[in-house]
Amino acid sequence: MPVTLGSQPEHGFDEPLGLLSDCHRRIERFLAILQKVMDGAGGKPLNDEQRRAVEAALEYFRTAAPRHTADEEESLFPLLRASGEPAVQTAMRAMQVLEQEHAAANVTHAEVEFWYRRWIELGPLAAPQTRTLARVLHELREMYRRHIDMEDHEIFPLAGKVLSREQLAQLGRQMAHRRGLMHDGARESRQSEPGA
C-alpha cells in the first residue's frame, strides 16, 4: 500500500479552480487509504506498511485539508458572494451548506484521528471500537462524497463562469500565499506539491 505524497498535481496556481478539484482527488485518495487499512486489518495489529499509510493520510488531513477549506471559505466563496451575479444568489444556500459541512467534517476528522491514533499507539482495537471507527469513517466518506460532488459540479463551474481572469488570478495568489509559495502568474513549479 505505497503512498505517494509528492504526486504531481494537474493544475498550477494559475488554474486555481482546477487545483481545487485536484485537492479533491487527493482527499478521495487518502480517504480510500484509510478505508483500505480498515478493511484489511479490521482492528487487528497494523503492519508497518499500514501504519505508514495511515500516518500519511492523517498528516494530510491535519495539515493540507485545512488550507483547502480556507481556500474556499476565505477566498473563493467571498469572491463569488461579492460578484453580484444573479446565478451566485441562487448558489448562496449551497455555499452555506458547504461551510456547515466543513465544520462538521472537522469534528468527524478528530474522531477518526482519535481512533487511528489509538490503534497505532496502543495496538488492536476491540470489536466495539472497530465498529465505531468504521461508522465514523463511513460518515466522513459519505459527507465528502456529497460535498465534493456539489463543489466540482456546481460551485467551481459557476465560479469559472462569473469570476474574471483578475479574480481567478487573485484566488490563485491567495492559495499560493496560504502555502507559503510565491506566485508569479505562471504555472507553479512542480518542485513541491501544492497539496490541498
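Helices here are DSSP runs of H or I with at least four residues, strands are runs of E with at least two, and both are numbered from the N terminus. Read in this way along the sequence, the protein follows the pattern α-α-α-α-α, with 5 helices and 0 strands in the count. The model is a predicted one, in which local features need pLDDT of at least 70 and side-chain atom pairs count only at pLDDT 80 or more, whereas totals for chains, interfaces and linings use all residues. Residues are numbered from 1 along each chain as its sequence is written, and side-chain values use heavy atoms, with hydrogens and water left out.

**Helix packing**

Two packed helices are described by the angle between their axes and by the distance between those axes. The axes are lines fitted to C-alpha atoms, for helices over the stretch in contact, and the angles run from 0 to 180 degrees between N-to-C directions. The table gives these values for two helix pairs.

| Helix pair | Angle | Axis distance |
|---|---|---|
| α3 (residues 86-122) and α4 (residues 127-162) | about 150° | 9 Å |
| α1 (residues 16-41) and α3 | roughly 45° | within 13 Å |

Angles under 35 degrees count as roughly parallel, over 145 as roughly antiparallel, 65 to 115 as roughly perpendicular and the rest as oblique. Helices α3 and α4 are therefore roughly antiparallel to each other, and their contact has 21 nonpolar, 6 polar and 5 charged residues. In this classification Ala, Val, Leu, Ile, Met, Phe, Trp, Tyr, Cys and Pro count as nonpolar, Asp, Glu, Lys and Arg as charged, and the others, Gly among them, as polar. Helix α1, by its angle, is oblique to α3.

**Aromatic rings**

Rings of Phe, Tyr and Trp (its six-membered ring) pair if their centres lie within 6.5 Å, and planes under 30 degrees apart count as stacked, over 60 as edge-to-face and the rest as tilted. By this rule the count comes to 6 aromatic pairs. In the pair of tyrosine 60 and phenylalanine 61, the ring centres are 5.4 Å apart and the planes stand at 80°, so this pair is edge-to-face. Phe30, Tyr60, Phe61 and Tyr144 form one aromatic cluster.

**Buried residues**

A residue is called buried under 20% relative accessible area, exposed over 50% and partly exposed in between (1.4 Å probe, protein chains only). Buried residues make up 46% of the 196 residues in the protein, and both tyrosine 60 and phenylalanine 61 are buried. Glycine 12, in the segment before α1, is buried with a relative accessible area of 0%, and its C-alpha atom is separated by 8.4 Å from that of glycine 172, which is 160 residues apart from glycine 12 along the chain.
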